[in-house]
Amino acid sequence: MCTRGRSEMLLACMIAIGRLKSAPSLKLSVLVCNNNAEPLEKGYVSALEEAVGVQFFLVNEPEPGIPFARNTAIEAAVALKPEWIGFIDDDEQVDENWLLEIERAMKTWPADVFHGWTQSTPEPGANLDWYFNKPRNKRVGGTEMSSAGTDNVVIKAQLVDGTKEKYRFNQTMRFSGGTDLELFYRVTDAGYRIVWVPDAITKETIPAERLTLRYQIKRAKAVAAVHGYISRSRKGMAVAVIQILPKAAGRLVQAFGLLFVALGAWAVQNKGWRKVLLKASKKLAYVVGTIAGLAQSLPSVYQKIHGR
């Protein structure tokens with residue numbers, strides 16, 4: 001896992017790993033990449049080691065940016081000569097059965113990548129005026145996927161160690177997010193298989209500052225920009241435009257329709273107006289972000305650290 005300036009979250013993450021039930025065929029080691037010019041304090045590192053209770057490794061990547069940290073983490077992990085390499089985020093806590101579910105998935109479905117389910121819940125006490133999401137599984141176990149995220153994933157080491165492939169995260173996408181999606185699209189484009197494992201669960205807490213209307217709009221725009229950028233990189237400008245712009249046009253029409261609905265609901269004091277306005281705003285943000293992404297303009301949504 002990679003971390004930067006979120007010591008409380010990282011310690012909670014490590015404590016959860018320390019509570020994992022062991023899997024008979026899997027031996028676990030934990031590697032943390034600190035994405036900071038300053039190394040972690042020795043006393044804090046000792047607390048991490050004590051919490052996790054398994055073989056522990058720490059590396060430092062001073063160059064700021066998620067892809068730099070992830071690539072350094074891969075290089076360090078490869079040096080340990082594992083069969084599998086997993087990623088989770090530093091703000092997550094693994095379910096105690098996570099390792100057992102990953103083992104079960106490996107025995108059930110032949111695949112090169114196993115992608116677990118991250119369930120997100122708001123920070124306790126946060127203002128929920130603009131939060132309407134509820135964790136729900138949209139796929140059955142074993143569903144094949146076209147990409148994945150590093151929030152909860154296990155990959156064959158042969159995809160990154162050079163014996164078969166040597167995939168690395170795109171460092172031009174420093175603060176934009178989506179470097180995991182971009183990498184795993186390349187993986188499936190090459191014919192490798194990613195499957196969904198809904199019972200391999202990690203849980204994350206959403207910081208209060210990410211629950212505002214403004215941030216959610218900014219986030220929706222950033223996600224759309226990343227998808228536009230990746231689509232153009234994978235398929236070329238002409239194909240990307242043909243595939244994406246009709247969707248963007250449809251969402252633009254939907255957004256204006258929803259804005260009128262939200263205005264009407266607000267006028268009669270219907271409590272649902274916030275949810276409709278958020279949905280409309282995200283659709284507008286998608287349109288703007290998509291155009292930016294196709295123009296190869298990337299956001300810097302992850303330049304600021306959220307959480308502690």
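**Talking through a predicted fold**

Student: Which loop holds V140?

Tutor: V140 sits in the loop between β6 and β7 (144-145). Bear in mind that this is a predicted model.

Student: Is V140 buried or exposed there?

Tutor: V140 is exposed, since its relative accessible area is 61% and the cut-off for exposed is over 50%.

Student: How far is V140 from V197?

Tutor: Their C-alpha atoms are separated by 8.1 Å, with V140 and V197 57 residues apart along the chain.

Student: Switching to the sheet. What is the strand order, and is the pairing parallel or antiparallel?

Tutor: The open sheet has 3 strands in the order β1-β2-β3, and the pairing is parallel. The edge strands, each pairing on one side only, are β1 (2-3) and β3 (55-60).

Student: How many bridges are there between β1 and β2?

Tutor: β1 and β2 pair over 2 bridges, in the parallel sense. In that region C2 stands opposite C33 of β2.

Student: Which strands does α3 touch?

Tutor: α3 packs on the sheet and touches β1, β2 and β3. The direction of α3 makes about 145 degrees with that of β2.

Student: And where does α2 lie?

Tutor: Helix α2 (residues 42-52) lies across β2 and β3, and runs at about 145 degrees to β3.

Student: What about α1, which residues are buried?

Tutor: M9, L10, C13, M14, A16 and I17 are the buried residues of α1. Looking down the axis of α1, they fall within an arc of 155 degrees, so they line one face of the helix.

Student: What span should α1 have, and what does the model give?

Tutor: Helix α1 (residues 7-18) has 12 residues, which at 1.5 Å a residue should span 16 Å. The end C-alpha atoms of α1 are 16 Å apart, so the two values agree.

Student: On to the cores. Which residues touch the most other members in the largest nonpolar core?

Tutor: I85, V113, V160, F184 and V187 do, in a core of 29 residues. Elements giving two or more residues to this core include β2 (29-34), α3 (66-78), β4 (84-88) and α5 (179-189). The largest share comes from α3, with 6 residues.

Student: What does V187 touch?

Tutor: Leaving out residues up to four places away in sequence, V187 touches V113, L159, Y167 and Y192. Apart from this core lies another, of 28 residues, with L20, Y44, I88 and I102 among them.

Student: Last topic, backbone. What is the phi of K81?

Tutor: K81 has a positive phi of about 55 degrees, although it is not a glycine. K81 is in the loop between α3 and β4, and K81 counts as exposed because its relative accessibility is 73%.

Student: And where is Q296, and what is its phi?

Tutor: Q296 lies in the segment after α8 (273-294). Q296 is not a glycine either, yet has a positive phi of about 65 degrees. With a relative accessibility of 33%, Q296 counts as partly exposed.

Methods. Residues numbered from 1 in each chain as written. Predicted model: local features only at pLDDT ≥ 70, side-chain atom pairs only at ≥ 80, totals over all residues. Heavy atoms only, no water. Core = buried A, V, L, I, M, F, W, Y, C linked by side-chain atoms within 4.5 Å. Buried < 20%, exposed > 50% of the residue type's maximum accessible area, 1.4 Å probe, protein only. Helix = DSSP H or I, 4+ residues; strand = E, 2+ residues; numbered from the N terminus. Contact = heavy atoms within 4.5 Å. Pairing = 2+ DSSP bridges. Axes fitted to C-alpha atoms, helices over the stretch in contact; angles between N-to-C directions. Expected span 1.5 Å × (residues − 1). Arc of directions from axis to C-beta.
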